Amino acid sequence: MSVLLTLLAAIIASGACAYHRSSLRTWAVTTIVVTLAVGLLTGAPLTTVVLLAIELLIAVPLLMIHFRRKNISAPLLKIFAKVTPKLSDTEQTALEAGTVGFEGELFSGKPQWHELLKQPKPELSVEEKAFLDGPVEELCGMIDDWQITHELADLPPDVWEFIKKNRFFGMIIPKQYGGLGFSALAHSAVLQKLATMSATVASTVAVPNSLGPAELLLHYGSDEQKNFYLPRLAVGEEIPCFALTGPYAGSDATSIPDFGIVCKQVVDGVETVGMKLTFDKRYITLAPIATVVGLAFRLYDPEHLLGDKEDLGITLALLPRSTPGLEIGRRHFPLNVPFQNGPVHGKDIFAPLSTLIGGPHMAGHGWRMLVECLSVGRAISLPSNATGGVRMAVAATGAYARMRKQFGLAVARFEGVEEALARIGGLTYATAALSRATAAAVDRGEKPAVPSAIAKYHATEWGRTIAGDSMDVHGGKAVQLGPKNYAGRAWQGVPIAITVEGANIMTRSLMIFGQGAIRCHPYVLKEMKALSIPDYSERLKSFDDALFGHIGFGISNAVRSFVLGVTAAHIGESAGDAYTRRYYRKLNRYSAALALCADTFMGVLGGKLKFKEKLSARLGDVLSYLYIASAMLKRYEDTGRPEADRPLLAWAFHECMWRTQMALDGAIRNFPVRPIAWLLHVLVFPFGRREVPPSDRLGRRVAAIITAPGEARDRLLEWAYLTPTANNTVGRMNALLPDVIAAEPVERKFGKAQKAGQFTSHDYLGQLDEAVKAGVIDPSEAALLKRVREGVFEFISVDDFDPAELRSAVTRADEKKVSDTTQRAA
């Protein structure tokens, strides 16, 4: 017994040091002292001596730094250099382009929650609020999405003019160049509000403020280029597009076949050094109406006019629309959401070197320029548009479900509908928190490469889920396209957001964990960088420090994962209030599990892991859900810990944790080295999978929130356009919702009298008169029922058309010509 107690004490002491990430010296001293003390107290001298010998045998060589480096780290450095895949220049650029924010804490296995909670609360300035309440509100009031999508396939001229006049295209351009100089949060808020009315308008405004000429000019343009283009871009005098994607290179931008050849050509009688450009681009938003085209291509200098290097690499240029040979103007038609989008072509176009963004010295730096700017644009544009869409789904579906009756009940009362409403409400809460978190990261000066990929993927995926649920709840109302249908176009357009700015399959499979594993890991990048240090002694020192930090990190995460799994995350450091403390502890547990699995997968599979895309995708899911859950907790804190929001937070949090568990389990079950997979399963799930999806009871509370006016619903609908104008059906529905709810008890009284056969009239209005005369309801209640019935009828009605109206304008014009010709002949 004394032997077991001594051994157990030594294990507990070592485990406690690993759990708390004590230094190697502290571990050695603590373990030796505990072993000696317990061994002497329990009377197990032989066991104590053996254990002390083992402990000293491990500790002494490790604590002798020079011995350790020479005899342990040096051989491992040679092995590491052989097995570590060399990063390509493009991969190296991508890794160095962004910054690491709180996602790095989540990858640490021991998040420092105070780092998250001390971040300033994201807030709009007075000027930004005024813009949102003024020009943005006015623009939303001008939007007729049926006219845009069906009749014009474009924005009407007055909308274009308003957007330009009020500098919507200049939100990210500083005031010194005539722009609005807004924060990323304001940029996001504007896009969200516009997206509640029209995906076409939101996309049109998003692109010039996202990855494009303005963003690139701000970071890399010459003073001359900034002073010329930025004031014109700010007021819409110049309309920009950026041509990156082509038929043979989409997400793989570094493989673009479009090229430029540095050469000399006589221009206006002057010999000019420039480039002959040949390119074929497609899917370029705003291209058909663009006046200036940003272009990505590979530049070659065979005559060495710019230097000794022939292949200069990816390069970016700005081409005026007037450039001879530039073919631009035709349109794609992206799933009936007709934002301006089309191809751009050119063959042997000559452009002077002055068109290069930043000038000739930036030739070949295009890939770095793109990846540095892309994370910022991706963090705002699509997540914001998706968030606006899901906010409107809450407003529309929540109100419609309360208004639409079947079997004498609002459809919101049916459990099947309630399940869909819960998803809509819970996922909208998560999506809104996620988009706010990434915008706040940009405003803090970060370049959030990993969070932007998380936000793009999950906001658009959840947008797809919510759009589907909204369609299901609306039923036939959402299927019949027309001016009365506010849901159909959103459903049609969902795949566009899924596909653009890095298709979601690629974003999930390659980018989130692929970048996060190296960028966010506290030691992997240090170990890899150590290999490139020229001086051997310095290289060995750096590698040794990183290696043994990494070993301790791995042991700590194994212990923390097991301990927090055994205790169901009921212990440990935490943050938050009495309600959320358990949530922070759950995140501690899964942070440790993620760090453990990531280390194990990278250590065992090495460079092969990047080809195991399904494993990478699952680990990326874990990182994503931890980040999203953290964003939700930060949002809850920033809004003053409102009790009314707790069902939304709880539903979304439990959904994230259940998905985290399933992603971890899927990764471990499919890990190819089975003994290691079994060990990981014991460490991560010592008592099996215990997380469950949100309960039906919790879902009922979420559904109740989004189907009735209240403070929690109002916060979900922040920045949605809900003014009850003639062009805003959902706004009018939202305004009627209080009356609909007030009418429900009156409807029950009225319905009871109907079933009892108290009325002789078969007409609803006649029955209302009879009900008033019989004293079943009073005149004010009858007026309420009449008002609600008339209002609801408008919202449940659908459109119908004369067959001729559905034929295209071209067909109708041809028919008219035939008719006119026939009449003249007659």
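In the predicted model, helix H1 (residues 2-20) packs against helix H3 (residues 45-63) at an angle of about 25 degrees, and the two axes lie 10 Å apart. Because angles under 35 degrees count as roughly parallel, H1 is classed as roughly parallel to H3. The crossing of these two helices is right-handed. On the H1 side the contact is formed by Val 3, Thr 6, Leu 7 and Ala 10, and on the H3 side by Thr 47, Thr 48, Leu 51 and Glu 55. Sorted by class, the residues of the H1 contact with H3 comprise four nonpolar, three polar and one charged.

H23 contributes Tyr 583, Tyr 584, Leu 587, Tyr 590, Ser 591, Leu 594, Cys 597, Ala 598, Phe 601 and Leu 605 to the contact, while H24 contributes Leu 615, Leu 619, Val 622, Leu 623, Leu 626, Ala 629, Ser 630, Leu 633 and Glu 637. The residues in the contact of H23 with H24 are 16 nonpolar, two polar and one charged.

Helix H24 spans residues 613-638 and includes Arg 635. With a relative accessibility of 6%, Arg 635 counts as buried, because the cut-off for burial is under 20%. When neighbours within four places in sequence are set aside, Arg 635 is in contact with Tyr 429, Ala 433, Asp 645, Arg 715 and Leu 716.

Among the strands, E4 (residues 292-300) and E5 run antiparallel and are joined by nine bridges. In this pairing, Val 292 is placed opposite Pro 320 of E5. Strand E5 covers residues 311-320, and eight of its ten residues are buried, so E5 is largely enclosed by the rest of the structure.

The loop between E4 and E5 contains His 304. His 304 has a relative accessible area of 39% and is therefore partly exposed. Its phi is positive, at about 55 degrees, although the residue is not a glycine. Most residues other than glycine have a negative phi. Trp 719 likewise is not a glycine and has a positive phi, of about 70 degrees. Trp 719 is located in the loop between helix H28 (711-716) and helix H29 (729-755). The relative accessible area of Trp 719 is 13%, so this residue is buried.

A further loop residue, Ala 249, is found between strand E1 (240-243) and strand E2 (259-267). Ala 249 has a relative accessible area of 3% and is therefore buried. Not counting residues up to four places away in sequence, Ala 249 touches Leu 244, Ser 255, Ile 256 and Pro 257. Ala 249 and Lys 281 are 32 residues apart along the chain, and their C-alpha atoms are separated by 9.3 Å.

How values were computed:
Residues are numbered from 1 along each chain as its sequence is written. This is a predicted model: local features need pLDDT of at least 70, side-chain atom pairs count only at pLDDT 80 or more; totals for chains, interfaces and linings use all residues. Side-chain values use heavy atoms; hydrogens and water are left out. Buried means under 20% relative accessible area, exposed over 50%, partly exposed in between (1.4 Å probe, protein chains only). Helices (H or I, at least four residues) and strands (E, at least two) are DSSP runs, numbered from the N terminus. Two strands pair if DSSP finds at least two bridges between them. Contact means heavy atoms within 4.5 Å. Axes are lines fitted to C-alpha atoms, for helices over the stretch in contact, and angles run from 0 to 180 degrees between N-to-C directions. Angles under 35 degrees count as roughly parallel, over 145 as roughly antiparallel, 65 to 115 as roughly perpendicular and the rest as oblique. A crossing is left-handed if the near helix is turned anticlockwise from the far one by less than a right angle, and right-handed if clockwise. Ala, Val, Leu, Ile, Met, Phe, Trp, Tyr, Cys and Pro count as nonpolar, Asp, Glu, Lys and Arg as charged, and the others, Gly among them, as polar.
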